[in-house]
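Please open the model in your viewer and keep the selection panel at hand. The tour moves from one selection to the next and says what is to be found at each stop.

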Amino acid sequence: MQFFRSSSRPRAERDDRSVHAAARLPRRRSLLLVDEDATARAVIARRLAHLHYDVVVAEDGFNALNRLVGRTVDIVLIDMGLHKLSAIATMKKIRAAGVAENACFIMITGTQDSAAIVEALKAGADDHVAKPFDFDVLDTRLRHLCERAEELGALARHNAELDARIARRAVELGETRDALREMQADRAMLVSSIQALHDEIARLSATRN
């Protein structure tokens with residue numbers, strides 16, 4: 001009979017090593033897989049789960065929309081062989097519904113299906129992968145797309161914040177200019193009043209003489 005011996009290392013050291021090991025794991029990404037082939041769905045979902053993806057599956061484009069309600073995903077992986085609702089239509093409906101605004105859309109195509117690849121990219125897909133694919137290569141491409149999308153998102157947020165600061169500064173500058181004009185107008189009125197007072201004093205003095 002085989003026995004498994006517990007480690008003789010101190011628990012604190014074992015816990016520390018576990019923390020470092022977890023830190024080396026890739027960040028988990030959430031992914032929606034849309035494929036009408038049940039076998040392909042199961043195989044792809046299982047392999048991606050082993051590569052640290054949280055996978056949600058949908059058997060067609062209509063079901064994909066329901067799956068995304070109340071759920072955020074990083075990636076939408078759609079097979080170009082969908083029939084109930086085409087892959088392009090599925091992508092467009094998901095984007096129009098606004099349920100996956102920050103997700104990357106990747107189409108699964110056939111190796112020689114260049115027409116489908118061109119169609120997918122022209123329709124706005126972020127990338128495509130051809131079957132059969134190497135899952136390690138697929139993993140690298142998916143993570144690269146997510147990182148690029150996050151960088152673009154961060155840049156867009158930075159630009160929006162910069163635009164907002166510029167707008168606030170413009171308002172503040174406009175308010176400062178308005179205040180300056182009011183001060184100049186008040187000064188002109190004060191100078192005019194003082195001049196009028198001097199003129200009146202001069203007139204009174206002339207009258208007395």
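Begin by selecting helix α3 (residues 61-68) together with helix α4 (residues 87-97), which pack at an angle of about 25 degrees with their axes 9 Å apart; the axes are lines fitted to C-alpha atoms, for helices over the stretch in contact, and angles run from 0 to 180 degrees between N-to-C directions. That angle makes α3 roughly parallel to α4, a label given to angles under 35 degrees. The crossing of α3 and α4 is right-handed, meaning that the near helix is turned clockwise from the far one by less than a right angle.

This is a predicted model, in which local features need pLDDT of at least 70 and side-chain atom pairs count only at pLDDT 80 or more, while totals for chains, interfaces and linings use all residues. Residues are numbered from 1 along each chain as its sequence is written, and side-chain values use heavy atoms, with hydrogens and water left out.

Next, show the side chains between these helices: G61, A64, L65 and L68 in α3 meet T90, K93, I94 and A97 in α4, where contact means heavy atoms within 4.5 Å. By class, the contact of α3 with α4 has five nonpolar, two polar and one charged residues; Ala, Val, Leu, Ile, Met, Phe, Trp, Tyr, Cys and Pro count as nonpolar, Asp, Glu, Lys and Arg as charged, and the others, Gly among them, as polar.

Now display the whole protein chain, which holds six helices and five strands, helices being DSSP runs of H or I with at least four residues and strands runs of E with at least two, numbered from the N terminus. From the N terminus on, the elements run α-β-α-β-α-β-α-β-α-β-α. Among contacts between residues at least 6 apart in sequence, 62% join residues at least 24 apart.

Move on to S30, found in strand β1 (residues 29-34). S30 counts as buried because its relative accessibility is 17%, buried being under 20% relative accessible area, exposed over 50% and partly exposed in between, with a 1.4 Å probe and protein chains only. Leaving aside residues up to four places away in sequence, S30 touches D54, T72, V73, D74 and I75.

Finally, select C104 and C146: are they buried or exposed? C104 is buried at 4% relative accessibility, and C146 is buried at 3%. The sulfur of C104 is 4.7 Å from its closest cysteine sulfur, in C146, which is too far for a bond. With a disulfide defined as a pair of cysteine sulfur atoms within 2.5 Å, the count comes to zero disulfides.

Terms used: Parallel < 35°, antiparallel > 145°, perpendicular 65-115°, else oblique.
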